[in-house]
Amino acid sequence: MSSTTYEEWADEEIKTCATCRRDGARRCVGCHGAPDNEGRELYPTYYCSTQCQKTDYIRTHKHACKAAKDRRAVYRMGDMARCAFYAYLERLFDTSITKVEKKDDTLYLHQGKNDQNLLLPFPSKLFSNKDEKSAALTALARDNAIGFVHILIERMVGSAYTPCPILPPF
Ligand SMILES: [Zn+2]
Ligand SMILES: [Zn+2]
């Protein structure tokens, strides 16, 4: 297993064969693009030849590669759930926002009245980019995300889903 740190790899991509330590430009496609444990892109595993790849796969890489692939699948599922959650919030939007201000990297949402809790069109024009829009939707939904998307996630993970026990109120 390579001892290259993420920072070293990010500064200058080091292409060293994980088996024989010679130059190796063939990257393992199995775990390519997968996130690491902290959600950053995993530094690629390189090989000089098919033989070195086979040797390393049998010796050590098999488990790490499978774990990385699984992590990539979980992150993709999370991305899909997040997109579905934002779409849901936009369609069932009931907060009156009159103005959006950005000061020192903080977004301030000025709220108007919606006494009758009417559904309102989401004010996309008030946000200058997609990240601001997503941040506003997340802030307004607060901790309701799990409640909104748990049925979707249950369907996505299928039989692997285990319902959480219902805890008594505090
Ligand atoms: Zn090699
Ligand atoms: Zn791999």
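Modeller: Begin with helix 2 in this predicted model, and compare its end-to-end distance with that of a straight helix: 42 residues would span 62 Å at 1.5 Å a residue, whereas helix 2 spans only 51 Å between its end C-alpha atoms.

Colleague: Where does helix 2 bend, and by about how many degrees?

Modeller: A bend is read as the angle between axes fitted to the residues on either side of a position, and in helix 2 that angle is about 80 degrees at His61. His61 is also among the buried residues of helix 2, together with Gln53, Asp56, Ala68, Phe85 and Leu89.

Colleague: Which elements do the buried residues of helix 2 pack against?

Modeller: They pack against strand 1 (26-27), strand 2 (46-47), helix 3 and helix 4 (145-157).

Colleague: Which residues make up the largest nonpolar core?

Modeller: A core of this kind is read as buried nonpolar residues joined through their C-beta atoms, and here the largest one has five residues, namely Phe85, Leu89, Phe127, Ala136 and Leu137. Helix 2 (50-91) and helix 3 (130-141) are the elements that give two or more residues to this core.

Colleague: And how many of the residues of the chain, as a percentage, count as buried?

Modeller: Of the 170 residues, 11% count as buried, in a chain whose secondary structure comes to four helices and four strands, following the pattern α-β-β-α-β-β-α-α along the sequence.

Key: Residues are numbered from 1 along each chain as its sequence is written. Chains are lettered from A and ligands numbered from 1 in the order in which they are written. This is a predicted model: local features need pLDDT of at least 70, side-chain atom pairs count only at pLDDT 80 or more; totals for chains, interfaces and linings use all residues. A residue is buried if 20 or more other C-beta atoms lie within 10 Å of its own, exposed if 12 or fewer, and partly exposed in between; C-beta atoms are placed from the backbone. A nonpolar core is a set of buried Ala, Val, Leu, Ile, Met, Phe, Trp, Tyr and Cys residues joined through C-beta atoms within 7 Å. The expected span of a helix is 1.5 Å times one less than its number of residues. The bend at a residue is the angle between axes fitted to the seven residues ending there and the seven starting there. Two residues are in contact if their C-beta atoms, placed from the backbone, lie within 7 Å.
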